[in-house]
Amino acid sequence: MTLAAQAHGFLSPTGVEIAFLLVGLVTLAAAVLTVSTRQLVHAALWLVVALGGLAVEYLLLTAEFIAWVQVLIYVGSVVVLLLFGLMLTKAPIGRSPDADSGNRLPALAVAGVAAATLVWVVADAFRTTWIDLSGAVQGTTKVSGESLFRYWVLPFEALSVLLLAALVGAIVLSRLRRKKEGER
């Protein structure tokens, strides 16, 4: 082992770690823009960028199966369903004055406290844990799939029911608006 490989630490990041950090910053910026924009369609598109950034992070962590699940389920299905719901309810395309409740400062304070707490808990829990990205892949698709569908199948099914209810609600709301517009 060379001296440079032995001295690897926090102040000597590898290319994968630098890419991970840069993609993480882009993902964070997209997530902030998702919740701070006043245009609903733009929020949905920023959500695509944020979820796509998470998929890239999974690829950098050599979890290809989870990355493709992220792309297929979240970027592909959830965002398309969200945009479909926006179109069905005839949401405003431009700036929406009802998208701002006027509680930006309390919301920012709560988000800051929640983020600081999350960073503290994660840093404390994984302080001495390092992932060796140059070594062999730790989890295979079979192991990841078994874990995902054995322990997490109920949340996936609950999410699918929730999304179906949202879609049905959007259809009902669009029909109610049509009836009201027809009565006038």
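This note covers the helices of a predicted model, point by point.

1. **Basis.** The model is predicted: local features need pLDDT of at least 70, side-chain atom pairs count only at pLDDT 80 or more, and totals for chains, interfaces and linings use all residues. Residues are numbered from 1 along each chain as its sequence is written, and side-chain values use heavy atoms, with hydrogens and water left out.

2. **Overall make-up.** The protein has 7 helices and 0 strands. Helices (H or I, at least four residues) and strands (E, at least two) are DSSP runs, numbered from the N terminus. The order from the N terminus is α-α-α-α-α-α-α. Of the 184 residues, 14% count as buried. Buried means under 20% relative accessible area, exposed over 50%, and partly exposed in between (1.4 Å probe, protein chains only).

3. **Contacts along the chain.** Residues 24 or more positions apart account for 73% of them.

4. **Helix H2.** H2 spans residues 15-36 and has 22 residues. From first C-alpha to last it reaches 32 Å, close to the 32 Å expected at 1.5 Å a residue. The expected span is 1.5 Å times one less than the number of residues. The buried residues of H2 are Thr-27, Ala-30 and Thr-34. Seen down the axis of H2, they fall within an arc of 60 degrees, so they line one face of the helix. The arc is that of the directions from the helix axis to the C-beta atoms. On the other side of H2, Leu-21 and Leu-28 are exposed. Helix H3 (40-60) is included in what covers the buried residues of H2.

5. **H3 against H4.** H3 and H4 (residues 64-88) pack at about 175 degrees, with their axes 8 Å apart. Axes are lines fitted to C-alpha atoms, for helices over the stretch in contact, and angles run from 0 to 180 degrees between N-to-C directions. The two helices are therefore roughly antiparallel (over 145 degrees). By class, their contact has 19 nonpolar, 2 polar and 1 charged residues. Ala, Val, Leu, Ile, Met, Phe, Trp, Tyr, Cys and Pro count as nonpolar, Asp, Glu, Lys and Arg as charged, and the others, Gly among them, as polar. The H3 side includes Leu-40, Gly-52 and Tyr-58. The H4 side includes Glu-64, Gln-70 and Tyr-74.

6. **Helix H4 and its end.** H4 has 25 residues and reaches 34 Å, close to the 36 Å expected. Its buried residues include Ala-67, Val-75, Val-79 and Leu-86. Just after H4, Lys-90 takes a positive phi of about 55 degrees.

Conventions:
Contact means heavy atoms within 4.5 Å. Angles under 35 degrees count as roughly parallel, over 145 as roughly antiparallel, 65 to 115 as roughly perpendicular and the rest as oblique.
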